[in-house]
Amino acid sequence: MKEQEQSEVRLQAIVHGRVQGVNFRYYTRRRACELGLTGYVRNLWDRTVEVVVEGRRTEVQALQAFLNVGPRSAAVTQVETSWPAPTGEFDRFEVRY
């Protein structure tokens, strides 16, 4: 595998659309855990969902693909992303309140 695919990255995403009240956080956490990622997901006051995740590039990109669609009950209209440097601050992936 290419070295870049194995490098650790951090993704910060804000997901817009019908993403609260549709189990978006639950399914995001489940998918992130399946991929072995760390970080968190939480609802924001403006009815968006924030996701901060760290892990290997290929797995983070797989979660990013999920965020663009979400679970069946969601309707994602936009995902804003940024890629700051990873900090290694997380030891698991959790839902934050």
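1. A polar contact is a pair of N or O atoms within 3.5 Å, where, within protein, one atom must be able to donate a hydrogen and the other to accept it. In this predicted model, the side chains of His-16 and Glu-80 are joined by such a contact, at 2.5 Å. His-16 belongs to strand S1 (residues 8–18). With a relative accessible area of 18%, His-16 is buried, because the cut-off for that class is under 20%. Beyond its neighbours within four places in sequence, His-16 is in contact with Thr-48, Ala-75, Val-76, Thr-77, Gln-78 and Glu-80.

2. The sheet is open and has five strands, in the order S4-S1-S3-S2-S5, with mixed pairing. S4 and S5 each have a single partner strand and stand at the edges, so one side of each lacks a neighbour in the sheet. From one strand to the next, the twist averages 20 degrees. S1 and S4 run antiparallel and are joined by seven bridges; Ala-13 has Thr-81 in S4 as its bridge partner.

3. Helix H2 (residues 24–34) lies across S1, S2, S3, S4 and S5, and runs at about 170 degrees to S5. Helix H3 (residues 57–67) packs on the sheet and touches S1, S3 and S4, its direction making about 155 degrees with that of S3.

4. The aromatic pairs number three. One of them is formed by Phe-24 and Phe-66 and is tilted, with 6.2 Å centre to centre and 40 degrees between the planes. Phe-24 lies in helix H2 and Phe-66 in helix H3, so this pair ties together parts that are 42 residues apart in sequence. Phe-24 is buried at 1% relative accessibility, and Phe-66 is likewise buried, at 17%.

5. The rings of Tyr-40 and Phe-90 form an edge-to-face pair, because their planes stand at 70 degrees, with the centres 5.9 Å apart. Tyr-40 lies in strand S2 and Phe-90 in the loop between S4 and S5, so the pair ties together parts that are 50 residues apart in sequence. Tyr-40 counts as buried at 9% relative accessibility, as does Phe-90 at 13%. Arg-96 lies over the face of Tyr-40, at 4.1 Å from the ring centre.

6. Pro-86 is found in the loop between strand S4 (75–82) and strand S5 (93–95). Its relative accessible area is 37%, and Pro-86 is therefore partly exposed. Leaving out residues up to four places away in sequence, Pro-86 touches Glu-8, Val-9, Arg-10 and Glu-54. The C-alpha atoms of Pro-86 and Arg-30 are separated by 21 Å.

Terms used:
Residues numbered from 1 in each chain as written. Predicted model: local features only at pLDDT ≥ 70, side-chain atom pairs only at ≥ 80, totals over all residues. Heavy atoms only, no water. Helix = DSSP H or I, 4+ residues; strand = E, 2+ residues; numbered from the N terminus. Buried < 20%, exposed > 50% of the residue type's maximum accessible area, 1.4 Å probe, protein only. Contact = heavy atoms within 4.5 Å. Pairing = 2+ DSSP bridges. Axes fitted to C-alpha atoms, helices over the stretch in contact; angles between N-to-C directions. Phe/Tyr/Trp six-rings, centres within 6.5 Å; stacked < 30°, edge-to-face > 60°. Lys NZ or Arg CZ within 6 Å of the ring centre and 35° of its normal.
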